[in-house]
Amino acid sequence: YSLFAQEEKPEPVVVNGDTVEYLTEGKEVSATGNVSVVYKGAKLTCDKLIVNTQTKNGVATGNARLDDKGGVIEGDEIRYNFQTKVGTIVKPNFRSSPYFGKAGNLKKISDAEFIAKRGYITTCSYNTPHYRIRSRKIDFFPQDKVKTRDDIFYIGRAPLFCIPQYNHSLKDPLVHVQLMAG
């Protein structure tokens with residue numbers, strides 16, 4: 001056996017679509033129509049995709065959707081690095097059990113964290129939720145915890161009260177609420 005770790009061979013990004021072209025000068029793959037990419041446990045689908053084969057950076061537009069072990073993120077545009085699993089999503093909707101949400105933008109920091117700005121979270125699965133927590137910043141750690149700041153709790157369209165922050169472990173099935181006057 002070897003005492004030295006062997007370097008992992010870079011895995012190619014395989015792009016499927018109705019029309020797929022490879023541009024040799026830019027080392028980019030361009031695809032349109034029913035585009036899908038499965039890479040290291042993540043699946044990206046969209047209408048149009050451009051991926052750099054060296055950097056593994058991709059830009060997906062039109063019905064863009066990213067599925068991975070943490071949940072599902074959909075948006076108008078997804079800029080994503082397949083190697084590092086880091087990216088940004090414009091006008092995202094996201095689902096990670098038991099939460100659903102929308103935001104102005106979302107940054108996927110890693111497999112274990114994403115940050116949504118100017119959005120809301122809820123456990124109500126309807127497109128127009130019965131209740132939600134609107135927040136300036138939502139720190140989401142799929143299958144672990146959720147943390148928010150500068151929140152307003154809504155029932156329907158009516159704001160009910162302000163919450164300075166909300167923290168909840170996803171490992172605890174019950175939501176514990178503690179109110180303190182101040």
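Modeller: A salt bridge is a side-chain nitrogen of Lys or Arg within 4 Å of a carboxyl oxygen of Asp or Glu. In general, side chains of opposite charge can pair when their charged atoms come close. Please note that this is a predicted model, in which local features need pLDDT of at least 70, side-chain atom pairs count only at pLDDT 80 or more, and totals for chains, interfaces and linings use all residues. Residues are numbered from 1 along each chain as its sequence is written, and side-chain values use heavy atoms, with hydrogens and water left out.

Biologist: How many salt bridges does a search of the whole structure find?

Modeller: The search finds six. In one of them, the side chains of Glu 74 and Arg 95 meet at 3.7 Å, N to O. This pair links distant parts of the chain, with Glu 74 in strand S6 (residues 71-81) and Arg 95 in strand S8 (residues 93-96), 21 residues apart. Strands here are DSSP runs (E, at least two residues), numbered from the N terminus. Glu 74 and Arg 95 also belong to a network of salt bridges that includes Arg 65 and Asp 67.

Biologist: Are Glu 74 and Arg 95 buried or exposed, or in between?

Modeller: Buried means under 20% relative accessible area, exposed over 50%, and partly exposed in between (1.4 Å probe, protein chains only). Glu 74 is partly exposed because its relative accessible area is 23%; Arg 95, at 32%, is likewise partly exposed.

Biologist: Which residue forms a salt bridge with Asp 150?

Modeller: The partner of Asp 150 is Arg 136, and their closest N and O atoms are 2.3 Å apart. Arg 136 lies in strand S12 and Asp 150 in strand S13, so the pair ties together parts that are 14 residues apart in sequence. Asp 150 counts as partly exposed, at 42% relative accessibility.

Biologist: How should I read a pair of aromatic rings?

Modeller: A pair of aromatic rings is described by the distance of the centres and the angle of the planes. Rings of Phe, Tyr and Trp (its six-membered ring) pair if their centres lie within 6.5 Å; planes under 30 degrees apart count as stacked, over 60 as edge-to-face and the rest as tilted. By this rule the count is seven aromatic pairs. One of them joins Tyr 80 and Phe 82 edge-to-face, at 5.2 Å centre to centre and with 90 degrees between the planes. Tyr 80 is buried, at 3% relative accessibility, and Phe 82 is buried at 1%.

Biologist: What is the geometry of the pair formed by Tyr 99 and Phe 140?

Modeller: That pair is edge-to-face, 5.9 Å centre to centre, with 85 degrees between the planes. Tyr 99 lies in strand S9 (residues 99-102) and Phe 140 in strand S12 (residues 131-141), so the pair ties together parts 41 residues apart in sequence. Tyr 99 is buried at 5% relative accessibility, and Phe 140 is buried at 0%.

Definitions and conventions: Helix = DSSP H or I, 4+ residues; strand = E, 2+ residues; numbered from the N terminus.
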